[in-house]
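Visitor: Hi, I have a new structure open and would like to talk it through with someone. Could you walk me around it?
Guide: Happy to, just show me what you have.

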Amino acid sequence: MKISKEQIDALNAVITLEIDKSDYQGKVEEALNNYRKNASIPGFRKGHVPMGMVKKQYEKAIQADELNKLISESLNKFIEDEKLRLLGQPIPKEEGSDANFLGDHHKFVFEIGLEPEFTVDLSQPIDYYDIKVTDKEIDTQIEHLRGHFGTYEVSESISEKSQISGTFFNEAEQVDKFFTFAAKQLGEKAFEALKGKKVGDQLSLSTKGLFKDPHLLMQALEKPHDVVHDLDIEVTFTIEKIEDQVLADMNEEFFQKVYPDTTTEADFREKVAKSIKEDFDHSSDVRLLDDATEMLIEKTKFDLPADFLKRWIRATSENPITEEEAAEDYENSEKGLRYQLIEGKIVEQNNLQVSYQEIRDFCENAIRAQMARFGLFEIGKKELDNFVNNTLKERAEVERIHRELTGGKLIEFYKEKANLNKIEIDIDSFIEKFYSHQHHH
């Protein structure tokens, strides 16, 4: 058996494999003997079938099978030994091949596409947003926490800080539903109609714009999304309970409910600020990863074996596709492939690989956190291992965790090694800059 490589250019090569019948005939004989031992053919005792009959029936199929196995093993070993970095997989080439399965000598030619050589340059500046938390955000968050840990007391009439309970009714639409909501969730017109009203009062409200968030109307009326969306009817609302929210006092007891071991207001404010900043730092980090990705794709120039990859896409497509369709598939995946190669190089050169143990640990922590949300803090090692093993059976889930962990490692790497252009920004400006357009869709 002979195997050799001919370099066409930097990105394309041809591997030629020459195989003699003697290279695999021993395996064929062995397989035929096994068939003979185990074959059940009417008229013959098991193990006593004439070899001529076994050969006639099975030899060609076994020969083809052993030849294919030898081709696959030899190719893989050659690629590994030569440390060839392939894009796609080898494609059999008819030209130059002589795959006569019945002859004593076979020649197989494969074309391969190779990864390009390139360097990753991180000298190009990348914006990194250092988010400043102001008193405004701290005060808003503290008010939210005081509400969360506060109490409700019965009130005479409805004001903007009321929590209101009552029944919505409309006979024709079969609405008869008790519902509790906060006054601040009401649309402007509905709040004006309810303001100052007392328990026992009954009034007619329009469903259009009843709540600021139309999804609340689904719950209030027990109607599906598509019905609620353009619903414009009158409902009778009977007030049954009015409570005003009493915010928790700013004292040590409250501080410790939120952050144990916190005794002073200054310390409490600092922890609230830190918590807000951590949330927004995560958004800033994700932004950095996106911006670094775009910059690297744009600035890292290299050629790809495009014609080979188009042929490979066509050769491996589940259903037959035209050259044009293969070219379109290639255009759609080229940017992703370029980034895959760039990311692969950064990961390899800087030892940022994600280990299986890291994936298991990540999965274990996620399951513990999920259990804790249901109040389950104690979970046995065996039970936890079972949960983890079941989760990691899902290939898509393993890939998702791998991507997330790789992203985290890349963010830390860019923060340390990239040329960051640090921009101080307050939260309002950051949201305006990156998220405000999402609300206009």
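Visitor: Which strand does Val14 lie in?
Guide: Val14 belongs to strand β2, which covers residues 12-20. Keep in mind as we go that this is a predicted model.

Visitor: And is Val14 buried or exposed?
Guide: Val14 counts as buried, because its relative accessibility is 10% and the cut-off for buried is under 20%.

Visitor: Let's go inside. Which residues touch the most other members in the largest nonpolar core?
Guide: That core has 33 residues, and the ones with the most contacts to other members are Ile126, Leu296, Leu304, Leu341, Ile346, Leu410 and Tyr414.

Visitor: Which elements give two or more residues to this core?
Guide: There are strands β3 (86-98) and β5 (126-132), plus helices α8 (265-299), α9 (306-316), α10 and α13 (395-417). The top contributor is α10, which supplies eight residues.

Visitor: How accessible is Asp329?
Guide: Its relative accessibility is 39%, so Asp329 counts as partly exposed.

Visitor: And how far is Asp329 from Asn170?
Guide: In space they are 55 Å apart, C-alpha to C-alpha, and in sequence they are 159 residues apart.

Visitor: Switching to charge pairs, how many salt bridges does the count come to?
Guide: The count comes to 31 salt bridges.

Visitor: Show me a couple in α8. What does Lys271 pair with?
Guide: Lys271 meets Asp267 in a salt bridge, at 4.0 Å from N to O. Both residues sit in helix α8, four residues apart, or about one turn of the helix. Lys271 is partly exposed because its relative accessible area is 26%, and Asp267 is also in the partly exposed class, at 25% relative accessibility.

Visitor: And Glu278, what does that residue form a salt bridge with?
Guide: Glu278 pairs with Lys274, and the closest N and O atoms are 3.5 Å apart. Here too the two residues both lie in α8, four residues apart, about one turn of the helix.

Visitor: Is Lys274 buried or exposed?
Guide: Lys274 counts as exposed, at 55% relative accessibility.

Visitor: What about a pair between two helices? I was looking at Lys409 and Glu358.
Guide: Their side chains meet in a salt bridge at 3.0 Å, N to O. Lys409 is in helix α13 and Glu358 is in helix α11 (residues 356-373), so this pair ties together parts that are 51 residues apart in sequence.

Visitor: How accessible are those two?
Guide: Lys409 has a relative accessible area of 22%, so Lys409 is partly exposed. Glu358 is partly exposed as well, with 29%.

Visitor: Which residues are linked in a network of salt bridges?
Guide: Asp130, Lys132, Lys277, Asp281 and Glu424 are linked that way.

Visitor: Last topic, backbone angles. What is phi of Glu222?
Guide: Phi of Glu222 is near 55°, a positive value in a residue other than glycine. Most residues other than glycine have a negative phi.

Visitor: Where is Glu222 found?
Guide: Glu222 is in the loop between α5 (214-221) and α6 (225-229). With 60% relative accessibility, Glu222 counts as exposed.

Visitor: And what is phi of Asp261?
Guide: For Asp261, phi is near 70°, again positive in a residue other than glycine. Asp261 is found in the loop between α7 (252-258) and α8, and Asp261 is exposed, with a relative accessible area of 68%.

Visitor: Great, thanks for the tour!

Key. Residues numbered from 1 in each chain as written. Predicted model: local features only at pLDDT ≥ 70, side-chain atom pairs only at ≥ 80, totals over all residues. Heavy atoms only, no water. Buried < 20%, exposed > 50% of the residue type's maximum accessible area, 1.4 Å probe, protein only. Core = buried A, V, L, I, M, F, W, Y, C linked by side-chain atoms within 4.5 Å.
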